[in-house]
Amino acid sequence: MRTTVGIIGGGPAGLLLARLLHRAGVDCVVLESRDRAYVERRQRAGILEQGTVDVLRECGAAERLDREGLPHQGIELRFEGRSHRVDFPTATGGKSVTVYAQTEIVKDLVRLQLADPGGPPLLFEAEALAIEKADSGAPVIRFRHEGREQTLSCGFVAGCDGFHGIARRAVPAGLVRTFERTYPYSWLGVLADVPPSCEELIYARHQRGFALHSMRSPQVSRLYLQVPNGTDPADWSDERIWDELSTRFALDTGGWRLERGPITAKSVTPMRSFVQEPMRHGRLFLAGDAAHIVPPTGAKGLNLAVGDVVTLARALAHHHTTGSTELLDGYSAACLARVWQAERFSYAMTDTLHRRPEQSPFEDRLQIAQLDRIATSHTASAELAENYVGLPLS
């Protein structure tokens, strides 16, 4: 097989890149190691920045998003038994975010790609085995599909296969710098068949730990609890989860109640930050989790991946029409500038809202002071809002 751009990974990053390249007249092939059913049910992020929504609309992938997505104009912060709302449009010139699960984005993009008779090939159960000659003008992807090993000759390779994929490891170790932070706590996340108890996300800082109330739809709630690393979800009964969530969300004024319902899924997510530099080696370009990971507190993971592939698609289209490598040469620097801003914001949100093991009273007071600052300062509130709705994708 031969193509201009070989895309490894059929998650939202790889699928969106394929869509953008196809619309720009650049041929590509997507290799996804899992089957379609697995890809379409992977539970991931659900908060879309304004720029991500705009890109999906521009490439014709937002019909269901516009119909079923839940626009949010702000978030609620809870701490010390008090509540404060951060209004996004007021602080950002009208921008907002939208709740729409990553699983649904993947379904939409898969359907579009497979329904287009002239669209780029999307191969499920095609496991990428190696990337060869990435630093040459003719890289090759070796992959296994339908029981036999095959090769895909490319002009360029886009590694959209996540932290554990082969693309990140294909960059020689001597050329790589990595930056990492592991946090001393995790998130216990649950899906529950109960209408959300709030209209917008609630971020709660409590002496017992952080809690987040989100949603997947008007009928399904998504909730999280800060728990110690190594926690087994089986150790948390449904009743214990609901009781703990109620405690952490409680307001001194009362008048608000957490609705309970059947919990359909439980999982524990470790918290970490990771960046690999550079995001390019020869004709191999990394995007999304293959190059960076953020703790989920700031809702940046999926949106950062979208920023990467928008930048990469623009650079590849520019090369296709002009022959110039200028934008390709600037890809890593352009993406990393945005990545580090998202890492900074995600770290700040995480550090302010979570209590570390054996945290001192002094550190408690610093966290409360920061939240008070956001609640009383238009400047501090606007800073949070601008970062949350997302930096421009240009």
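**A sheet, a helix across it, and the cysteines**

What we have on the screen is a predicted model, in which local features need pLDDT of at least 70 and side-chain atom pairs count only at pLDDT 80 or more, while totals for chains, interfaces and linings use all residues. Residues are numbered from 1 along each chain as its sequence is written, and side-chain values use heavy atoms, with hydrogens and water left out.

Strand β14, residues 211-217, and strand β15, residues 220-227, pair in the antiparallel sense over six bridges; two strands count as paired if DSSP finds at least two bridges between them. Both belong to an open sheet of eight strands with mixed pairing, in the order β6-β5-β13-β14-β15-β12-β16-β19. Its edge strands, each pairing on one side only, are β6 (82-87) and β19 (292-293).

Across several strands, β14 and β15 among them, lies helix α8, residues 238-249, and this helix runs at about 80° to β15 (axes are lines fitted to C-alpha atoms, for helices over the stretch in contact, meaning heavy atoms within 4.5 Å, with angles from 0 to 180 degrees between N-to-C directions).

Turning to the cysteines, how many disulfides does the structure hold? There are zero, a disulfide being a pair of cysteine sulfur atoms within 2.5 Å. For Cys59, the nearest cysteine sulfur, that of Cys28, is 13 Å away; for Cys335, the nearest is that of Cys160, at 11 Å.

Definitions and conventions. Helices (H or I, at least four residues) and strands (E, at least two) are DSSP runs, numbered from the N terminus.
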